[in-house]
Protein chains: 2
Amino acid sequence: MTLKVYSDRMSQPSRAILIFCKVNGIDFEEIKVDLSKRQHQTPEFKEINPLGQVPAIVDGRFKLFESHAILIYLACVYPGVPDHWYPADLFRRAKINSVLDWHHSNLRVGAAKYVLYTVLGPALGIQPNPQAAAEAEKILSSSLSKLETIWLKGKGQYLLGGLQPSIADLSLVCEIMQLEVLDEKDRIRILGPYKKVQQWIESTKSATSPHFDEVHKILFKAKARFQERQSKLPSKM
Amino acid sequence: MTLKVYSDRMSQPSRAILIFCKVNGIDFEEIKVDLSKRQHQTPEFKEINPLGQVPAIVDGRFKLFESHAILIYLACVYPGVPDHWYPADLFRRAKINSVLDWHHSNLRVGAAKYVLYTVLGPALGIQPNPQAAAEAEKILSSSLSKLETIWLKGKGQYLLGGLQPSIADLSLVCEIMQLEVLDEKDRIRILGPYKKVQQWIESTKSATSPHFDEVHKILFKAKARFQERQSKLPSKM
């Protein structure tokens, strides 16, 4: 039975799973769970993931959710996935686990909440919340600074000084890509100071080409929609 | 060289590491990093963990931080750690990773923030914040409900229906133990409805006895201090 990946490409962890499967030639069926139509909250989807979140996978009789757990599972179970994605060496693996854990309470909180309280929320009928956006930006900037000075310190162009990408690179870069839906001036203001981060994003894109761009197309379409909506709002005098 | 564990027993992930080492007979040196004295922000400690957080370990020349990554590392590297803590079976391991990932953005956010904005903050000179506490309580209650109905569903008394505890049981129970510093009426109001959760806490305590209680002693002392401070405040009319 083919692996089933339940996902919505607007979700950054969903994109990480899809790109990982495509890059590594894992045969899978992409099943769209449309978040904007709240399909993740249907009883049918809750049979797959009782938490009602994407991504989730079904591999034969085995169900799994939480994107980092899924990436680790796929890297360990599917033959032919190159070692650099999640090295068998326990020391390198431990360091990758450390970055993945850090991601949850730092970069993820900052990026996801900033996008929600500025651009995405209004598109979903949630009022913009400038105070919450400002707090999220603080966490986001602090996280980008730590990426630049701590996690990207080292010889290689990837996290932890790696010469090839790991699942942590893919997961975190997909998170940062969510900022593409922002107004260009906001995106540049936030990302501009972090040159190593920018270079790392390009390296990860390039290492996972052409799948990275293909899976991210949806974001640029969404951005165009958000901008169109914005331009129709009455301008402030 | 002995494993060094940099920790403060007031920190719930620090306690999980200490208990894990003690239960599994891992020889280690406990090095206190006093959070109330901001020792985690000193240049000396940032040589160990540049993120300035506990717990962190140094094992020979190898440095590691983030508690879940540390628990996984110790379970995999130290001989003699029983398999149930982090099973070699990739399917069981994947499910444990899934709970550990879920913990970050759910139970941890709810419990840690609720305690901070009610009891712990004022003790650290931070004003109580009833609105933030109410938001945290919502996340905490939702997390406890998911523990009760999803993660503790199954035959065994541990997470994922396990018959013996895993590192996820230890990590999450240590998180919930932080609620011990609350006023008794608040703790009972929050935990009261969740009978399976309460039973699971007792099972985990018992499986890690006497180390669990010994490492948690500090919480009960802290609670007494918080209550004494509270009783000295001018009462509201």
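A salt bridge here is a side-chain nitrogen of Lys or Arg within 4 Å of a carboxyl oxygen of Asp or Glu. Keep that rule at hand for the first exercise.

This is a predicted model, in which local features need pLDDT of at least 70, side-chain atom pairs count only at pLDDT 80 or more, and totals for chains, interfaces and linings use all residues. Residues are numbered from 1 along each chain as its sequence is written, chains are lettered from A and ligands numbered from 1 in the order in which they are written, and side-chain values use heavy atoms, with hydrogens and water left out.

**Exercise 1. Describe the interface between chain A and chain B.**

Step 1: start with the partners. Chain A brings 26 residues to the contact and chain B brings 26 residues, where contact means heavy atoms within 4.5 Å.

Step 2: turn to area. About 2,500 Å² is buried between the two chains, and carbon and sulfur atoms give 69% of that. Buried area is the accessible area (1.4 Å probe) that two parts lose on being put together, summed over both. On the chain A side, L51(A), F91(A) and D101(A) supply 20% of the area buried against chain B, more than any other three residues.

Step 3: look for polar links. The count of salt bridges between chain A and chain B is zero. Eight residue pairs across the interface are in polar contact, both residues being at pLDDT 80 or more. A polar contact is a pair of N or O atoms within 3.5 Å; within protein, one must be able to donate a hydrogen and the other to accept it, and residues adjacent in sequence count only if both atoms are side-chain atoms.

Step 4: find the elements. Helices (H or I, at least four residues) and strands (E, at least two) are DSSP runs, numbered from the N terminus. β4 (62-65), α3 (67-77), α4 (90-105) and α6 (130-151) of chain A each supply at least two residues of the side that touches chain B. α4(A) gives the most, with ten residues.

**Exercise 2. Which kind of aromatic pair do F20(B) and W85(B) form?**

Step 1: recall the rule. Rings of Phe, Tyr and Trp (its six-membered ring) pair if their centres lie within 6.5 Å; planes under 30 degrees apart count as stacked, over 60 as edge-to-face and the rest as tilted. The structure holds 14 such pairs over all chains.

Step 2: apply the rule. The ring centres of F20(B) and W85(B) are 5.5 Å apart and the planes stand at 80 degrees, so the pair is edge-to-face.

Step 3: F20(B) sits in helix α1 (residues 12-23) of chain B and W85(B) in the loop between α3 (67-77) and α4 (90-105) of chain B, so the pair ties together parts that are 65 residues apart in sequence.

**Exercise 3. Locate two cis peptide bonds, one ending at P210(A) and one at P55(B).**

Step 1: in chain A, S209(A) and P210(A) are joined by a cis bond with omega about 0 degrees. P210(A) lies in the loop between α9 (195-207) and α10 (211-232).

Step 2: in chain B, the cis bond joins V54(B) and P55(B), again with omega about 0 degrees. P55(B) is found in the loop between α2 (43-48) and β3 (56-59).
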